[in-house]
Amino acid sequence: MQKKQFKTESKKLLDMMIHSIYTHKEIFLRELISNASDAIDKRYFHSLKEGGTTGIGKSDFEITLSVNKEARTLTISDNGCGMSAEELENNLGTIAKSGSYDFKKNNDQGEEIDIIGQFGVGFYSAFMVADKITVCTKTENGESHMWESEGADGYKIGPAEKATVGTEVILHILPDTEEEKYSDYLEEYRLKSLVKKYSDYIRHPIKMAVTSHKKKEDSDEFEETTEIQTLNSMVPLWKKSASEVSEEEYNRFYSDKFFDYEPPCRVITQNSEGTATFTALMFIPSHAPYNYYSKDYEKGLELYSSGVMIMEKCADLLPDHFSFVRGLVDSSDLSLNISRELLQHDRQLKVIAKALEKKIKGELEKLLRTDREKYEKFFSAFGAQLKYGLYTDWGAHKDVLQDLILFHGAKLGKSLTLKEYTEAMPEGQKDIYYACGETADKILMLPQVEAVLAKGYEVLCFTEDVDEFAVKMLGKYAEKDFKNVTAEALDLSTEEEKSALEEANKNAEAMLAFMKESLGDAVSAVRFTASLKNHAVCLSSEGEVSIEMEKVLNKMPGAGGEVKANMVLEINHTHAIAEKLKALFDIDKDTLAKYAKILYAEARLIGGLSIENPAELSALITEIMI
Ligand code: ADP
């Protein structure tokens, strides 16, 4: 056999390729299996053209993996078209020459030829795990040849004895090193899992002898049995029309693929043709993965091209607010780069991502309309993410998200959307009211909430940190402003009530100023209010920062308690306490100062804030008692 050098700069190229094109060595198997599958498709295509003279039926085509551990070889065989000496020379002797690409170009006359190969480098990825590759091949004309190479040194081509048509690629697996256990590629479990991961939907069977240990009949002993198994599922579930697939099949596929013990909350299928041709199969999980709200969680959909997995988690396919969606996208017209690990340019991907976002939104809306209970379960798992989505990117996603958000209504006692809230607003109500607190029960006890409910208006309960920030970003909904009921600017009074209040404040100006003085910087003002019903006092805020925002912002790492809401101590001017305070101002200012402190502490407690100096407060109360 004559030894030949790789053509032109091939040596350098080969070296570069082996070491830098691919990030994962394991993809070599995907590449060789894809080549085998292409070879079978080519032979089948010939047979169709020749009217079926090749003597092989469609169901006889197969790809076989076999391992010889002693010899450290892994063999990938196919009964595809094989290669002539010339083809061996051209296709394997020339790096970046793709016989498959040429085949597609020469034969594609409107027929759908779904060939995977296109760059002419995949084959050489095998040098990442092998120090020698032997190829034995026989064409349909009966020519048998072999090709052998130990990498950059060159290759040999010579005649060979091969009984059947097709190709055998024998990899002499590298010895183990400290960094890489190459022997793994000789293990059944590893090969099985690589086929599942990358080549599950190759449309020809990938077979391997698999050993298992079975219990002998009538004995406790185990016996080793070997049987030929087909490792790939071949027909992608997403290529079947949704009406052909049962719910159970979808659920099984989901739990096998994403290791979730609970069936998905919703299955979404999408088939698109036109600006972007793709098929998607997506799932909304029923519960949040344990790491969902942490940095460890990686969003993304699996990306397939012609049945071959290209990327495990393609993050660009999902916006952050729908990061909980799992599933896959299959598109044959993606422009892949040479390693197939990345996409050449992301224009198509962007078009697909937009279409997916629209579809997911539509499906969630449908769920909300048709199965409220299920939607509420979904929302309790992922609602916070939707609200973060409203808040991020300066509210850019509000059209997608604002109608998917639920809040608990204090009056209704259950959840409602902003649309439901605004549609149920009684005449005369101008704004959307909300209140913040730890739980809906605590919010219900807020004095200001009581007053708004008494007017017959609904109050949305904001129990999560993100809630108020999200609506601030939203600005308005259906032309209505959001109003925090514990913020000072509420205007629920009639004209009559308003002027009575104005008068009360004016008459007690000096007394209120004295109370403010005795509370120092804790409040920016003390005022009478008409918006309380039974309660004596409450705290409200004025300006941009609400009391809840102060709490949330100061909880953040590094905040150091620097964010302060401007608090106003509001006193119910129709409550008996008002008269008492006025009387004290005239006769006993010392006691009035103490009352101011106690009332301020009461208002903090009702508002869910802590007491700054509990010892001082206890002493004050006791002093007044005796
Ligand atoms: P690609 O698959 O992108 O074309 P490869 O480097 O993997 O690139 O393969 C180069 C060429 O070698 C293929 O295009 C094909 O013509 C030929 N080839 C590789 N493997 C086989 C095989 N198992 N049977 C027949 N031809 C093959």
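Predicted model: local features only at pLDDT ≥ 70, side-chain atom pairs only at ≥ 80, totals over all residues.
Strand β17 is joined to strand β20 (residues 480–484) by three bridges, and the two strands run parallel. Within the pair, Tyr434 stands opposite Asn484 in β20. Strand β17 also pairs with β18, again in the parallel sense, over four bridges. Here Cys436 stands opposite Phe462 in β18. In general, the strands of a sheet pair through backbone hydrogen bonds, either parallel or antiparallel.

Buried here means under 20% relative accessible area. Ile432, Tyr434 and Cys436 point one way from the strand, whereas Tyr433 and Ala435 point the other way. In a regular strand the side chains alternate between the two faces of the sheet.

Six strands form an open sheet in the order β16-β15-β18-β17-β20-β19, and its pairing is mixed. The edges are formed by β16 (415–416) and β19 (476–477), each of which pairs on one side only. An antiparallel pairing is found between strand β15 (residues 407–409) and strand β18 (residues 459–462), which are joined by two bridges. In that pairing, His408 stands opposite Cys461 in β18.

The next step is the division of the protein into domains. Domain 1 covers 2–230, domain 2 covers 237–374, domain 3 covers 405–484 and domain 4 covers 495–625. The centres of domain 2 and domain 3, taken over C-alpha atoms, are separated by 34 Å.

Finally, the structure holds one cavity of 30 Å³ or more. The volume of the largest cavity is about 130 Å³. Of the 14 residues that line it, Leu446, Thr486, Leu539, Ile547 and Gly607 are the closest to its centre. The elements that give two or more residues to this lining are α12 (447–454), β22 (537–542), α16 (547–555) and α18 (589–606). Among the contributing elements, α16 gives the most, with three residues. Domain 3 (405–484) and domain 4 (495–625) each supply at least three residues to the lining of the largest cavity.

Technical notes. Residues numbered from 1 in each chain as written. Heavy atoms only, no water. Pairing = 2+ DSSP bridges. Domains from an automatic or database assignment. 1 Å grid on protein atoms, 1.4 Å probe; cavity = no way out; pocket = protein on both sides within 12 Å on 5 of 7 lines; lining within 4 Å. Points joined across faces, edges and corners; volume = space filled by probe spheres on them. Buried < 20%, exposed > 50% of the residue type's maximum accessible area, 1.4 Å probe, protein only.
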